Amino acid sequence: MKKITLFILFFFCQSFFCQEYHFDGFLEYKDSKDDNRYHMYFYNSNDESYELWVFDRSGEIYGGITDTKKKLIHEHEVINNGDSIKFNYRCSRKWEEESNYYRTNPFYNVTKKEIDSTKTEVTILIYRNEKKKRVDSKIEIIIDNSELIANKNIIFPLVHGINLNNIFPEIRGIPTSIKIKNRYGFKTTHTLVRKEKINTILTVDNIKIKQYNK
C-alpha cells in the first residue's frame with residue numbers, strides 16, 4: 001500500500017439525515033514485513049466512541065469506522081488518487097462488543113520500564129496456560145505518554161487481535177513502536193511514521209444503513 005498524503009476527499013451525503021464523524025488526529029504506522037504496507041488510524045480526541053482504521057486487506061485498501069455507541073461498523077472502499085484518497089461507502093454491519101475481545105488470554109506477565117519522562121516501555125509475555133512455562137506471544141510496546149489520546153483501542157488491530165485492554169487498561173498514550181513475536185515464528189514491528197492534527201468529517205447516509213440492515 002503506497003504512502004498516502006493527508007489531502008483527503010470525502011463525499012458528503014445528499015440527505016440531511018446523516019451520521020457525522022469528526023476526526024482531529026491521524027496516526028500512520030509502517031509494517032516491517034512489507035515496506036508498502038501501512039496502517040492509518042483516525043481518532044477524535046474528545047470522543048472515544050468511534051474510530052477509523054485504513055489498511056491493506058488482501059490487496060484492497062479498506063476503511064472501517066467502528067461506532068461503539070450505535071454498535072455499527074461502516075465499511076468503505078478506499079481509492080488512492082495520487083495526492084488524495086477517496087472513501088466510497090460500501091455497507092454497514094452490526095458491531096458486537098465481544099468481537100472486539102477475541103483471543104483474550106488471562107495468563108500473562110507485564111513489565112513496565114520508564115525510558116524517560118515521556119516514554120514508557122511495556123513488555124507483555126502471553127502464556128498458553130496457567131503454568132506459564134511456554135510463551136505463546138511476546139509483545140513489546142513503546143508508548144509516548146507526553147500526549148494523551150482518547151481511544152485505547154488503537155493497539156488492538158496492531159497486535160493482531162490480542163486483547164490488551166484487561167492487561168493495562170490505563171494506557172492513554174500513543175504507541176510509537178509495537179513489536180510482536182509468537183511461537184509459530186511470526187514477527188513484525190509496527191512503527192509510527194507520521195502523527196498529525198487534522199480537521200476532517202466523514203458522513204454516512206442513514207438511509208443506506210437502514211436498507212442494509214433490513
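**Aromatic pairs and a strand hairpin**

Seven aromatic pairs are counted in the predicted model, where rings of Phe, Tyr and Trp (its six-membered ring) pair if their centres lie within 6.5 Å, and planes under 30 degrees apart count as stacked, over 60 as edge-to-face and the rest as tilted. One of them is the edge-to-face pair of F23 and Y50, with 5.7 Å from centre to centre and 85 degrees between the planes. This pair links distant parts of the chain, 27 residues apart, since F23 belongs to strand β2 (residues 18-31) and Y50 to strand β4 (residues 47-57); strands (E, at least two residues) are DSSP runs numbered from the N terminus. Both F23 and Y50 are buried, that is, under 20% relative accessible area with a 1.4 Å probe and protein chains only.

The rings of Y41 and W53 form a tilted pair, because their centres are 4.9 Å apart and their planes stand at 50 degrees. With Y41 in strand β3 (residues 34-44) and W53 in strand β4, the pair ties together parts 12 residues apart in sequence. Y41 is buried at 0% relative accessibility, and W53 is likewise buried, at 5%. A single aromatic cluster is formed by Y21, F23, F26, F42 and Y50.

Strands β8 (residues 108-114) and β9 (residues 119-127) pair in the antiparallel sense over seven bridges, pairing being assigned if DSSP finds at least two bridges between two strands. The two strands form a hairpin with four residues between them, and E114 stands opposite T120 in β9.

Residues are numbered from 1 along each chain as its sequence is written, and side-chain values use heavy atoms, with hydrogens and water left out. As the model is predicted, local features need pLDDT of at least 70 and side-chain atom pairs count only at pLDDT 80 or more, while totals for chains, interfaces and linings use all residues.

Technical notes: Buried < 20%, exposed > 50% of the residue type's maximum accessible area, 1.4 Å probe, protein only.
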